[in-house]
2 protein chains.
Amino acid sequence: MTDFDPAKIKVIGFDADDTLWVNEPFYRETEAKFCHLLSGYGSAGDINRALYRVETGNLDLYGYGNKAFMLSLIETAIEVSGGEVTSAGIARIIELGKQQISTHNPLLPGVPGVLALISRHYRLIVATKGDLLDQERKLRNSGISGFFHHVEIMSDKTEKHYRRLLHHLDVHPGEFLMVGNSLRSDVLPVLALGGYAIHVPFQVTWQHEEVHPDEMPGGHFFTVDTLEEILPILGLEVR
Amino acid sequence: MTDFDPAKIKVIGFDADDTLWVNEPFYRETEAKFCHLLSGYGSAGDINRALYRVETGNLDLYGYGNKAFMLSLIETAIEVSGGEVTSAGIARIIELGKQQISTHNPLLPGVPGVLALISRHYRLIVATKGDLLDQERKLRNSGISGFFHHVEIMSDKTEKHYRRLLHHLDVHPGEFLMVGNSLRSDVLPVLALGGYAIHVPFQVTWQHEEVHPDEMPGGHFFTVDTLEEILPILGLEVR
């Protein structure tokens, strides 16, 4: 990313789930409990495949986040059980969803220190999909909300949505840097607009966010292993 | 509102549901179908009371909007039926919810004309609770999105949330005017911060939004019958 000049950046957007804090593993945990609950009706593989089909089918209608997930779990349970799931089973699914919403999402290593340093030099925002209320709750619980100017909830993270975000933030693409764990949502669309991106891969990625090697972007972004590694890219160092 | 000077206003926030377009009656329609579906387990009055209790109990966890409503409908169905509701019944509730999400919300009278005129003089935003995706969809379907700078989804509409909104918009309370149908959500908190508000009552108000006469604010806001009446308040007139 040879043309990158950190002095030109005005706003840095941070993805939240699995970039600032652990999130996807809690979905996987709920899915495992869900498959166990329905184990009389199919293998975990079959049930997870059905769930993914229902989730993607509902994406236009529900969007992202815990509530969309819960509604798709219920719909999947009815489907894979051929209508045999009991209302006690549905009640249990609602309970699993509520537990997941109430989960305290632990911060990823180094996050507070990195944000404390960067926030002295740049305006930081959280730019995330999902439910506003959930993301606000996670941010409040995390203790790092003071480092961010505000939270931007995006109904999706396509070029169109980032274009709207930049308009709203009143910055040009070349003044915007996005940091996140998803190539599809945090990197590709931002690069396509002429902005900058840093990819911080996370251990688990939701199938929907996976990118085929053919879609991989060219050289105009950085990939780092941990959030601390974005400091030298921005010309900052922990003393 | 004798101290009101429209020349000082920089941003006008519009509530969306039942201020720009019809919304609450569709909830009432879904509730009526829901009560009919469960009529073997109680009167419509009893079922609606149970639903309201479940909804308000879930508010901290789910927030506002269609998906929260759907999850509370399902929970209420299980509760009022004593667990006897079948998975076909639950599937029917999901279908009702999806129908409601897909509803085209008709604009209230005069809305496009009023916005066309006001948007030439002020920066307009939509400031609303509910699901981001739903509100974006309604705005897109409405054909009036071009009049707004952007959409602000608020997880709630208390003083705290408006304070955050004004910070985010970079305006002082005295530069902000809120227009909406809910005294509780659109008028009271904005006045408390020192901002201005215009109340445009709608025919139907969700119980949760109702304000006790003792809580009624003083004279620092206008009440109008239709959106057109805000034009003279802003010193504008349709030619």
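**Ground rules.** I number residues from 1 along each chain as its sequence is written, and chains are lettered from A, with ligands numbered from 1, in the order in which they are written. Since I am reading a predicted model, local features need pLDDT of at least 70 and side-chain atom pairs count only at pLDDT 80 or more, while totals for chains, interfaces and linings use all residues.

**Chain A as a whole.** I looked up the elements and found nine helices and six strands in chain A; helices (H or I, at least four residues) and strands (E, at least two) are DSSP runs, numbered from the N terminus. The radius of gyration, taken over C-alpha atoms, is compared with a globule rule of 2.2 Å times the number of residues to the power 0.38. For 239 residues a compact globule would have a value near 18 Å, and chain A, with 19 Å, agrees. I also noted that the C-alpha atoms of chain A fill a box of roughly 60 × 35 × 30 Å along the principal axes. Buried residues make up 41% of the 239 residues in chain A, where buried means that 20 or more other C-beta atoms lie within 10 Å of the residue's own, exposed means 12 or fewer, and partly exposed is in between, with C-beta atoms placed from the backbone.

**The sheet of chain A.** I traced six strands in an open sheet, in the order β3-β2-β1-β4-β5-β6, with parallel pairing; two strands pair if DSSP finds at least two bridges between them. The edge strands of chain A are β3 (150-153) and β6 (221-223), each of which pairs on one side only. From one strand to the next, the twist averages 20 degrees; axes are lines fitted to C-alpha atoms, for helices over the stretch in contact, and angles run from 0 to 180 degrees between N-to-C directions. Strand β5 (residues 196-199) of chain A pairs with β6(A) in the parallel sense over three bridges, and Phe221(A) in β6(A) is the bridge partner of Ala197(A). Helix α8 (residues 183-193) of chain A packs on the sheet and touches β4 (176-180), β5 and β6 of chain A, with its direction at about 155 degrees to that of β5(A).

**The core.** Which residues touch the most other members of the largest nonpolar core? Of its 80 residues, Ala197(A) and Ala197(B) do; such a core is a set of buried Ala, Val, Leu, Ile, Met, Phe, Trp, Tyr and Cys residues joined through C-beta atoms within 7 Å. Leaving aside neighbours within four places in sequence, Ala197(A) is in contact (C-beta atoms, placed from the backbone, within 7 Å) with residues including Leu177(A), Val190(A) and Phe221(A).

**Where the chains meet.** The contact takes 27 residues from chain B and 27 residues from chain A. On the side of chain B that touches chain A, the elements giving two or more residues include α2 (44-62), α3 (66-80) and α4 (87-102) of chain B.

**The sheet of chain B.** Here too I read six strands in an open sheet, in the order β3-β2-β1-β4-β5-β6, with parallel pairing. Strands β4 (residues 176-180) and β5 (residues 196-199) of chain B pair over four bridges, and Leu177(B) stands opposite Tyr196(B) in β5(B).

How values were computed
Two residues are in contact if their C-beta atoms, placed from the backbone, lie within 7 Å.
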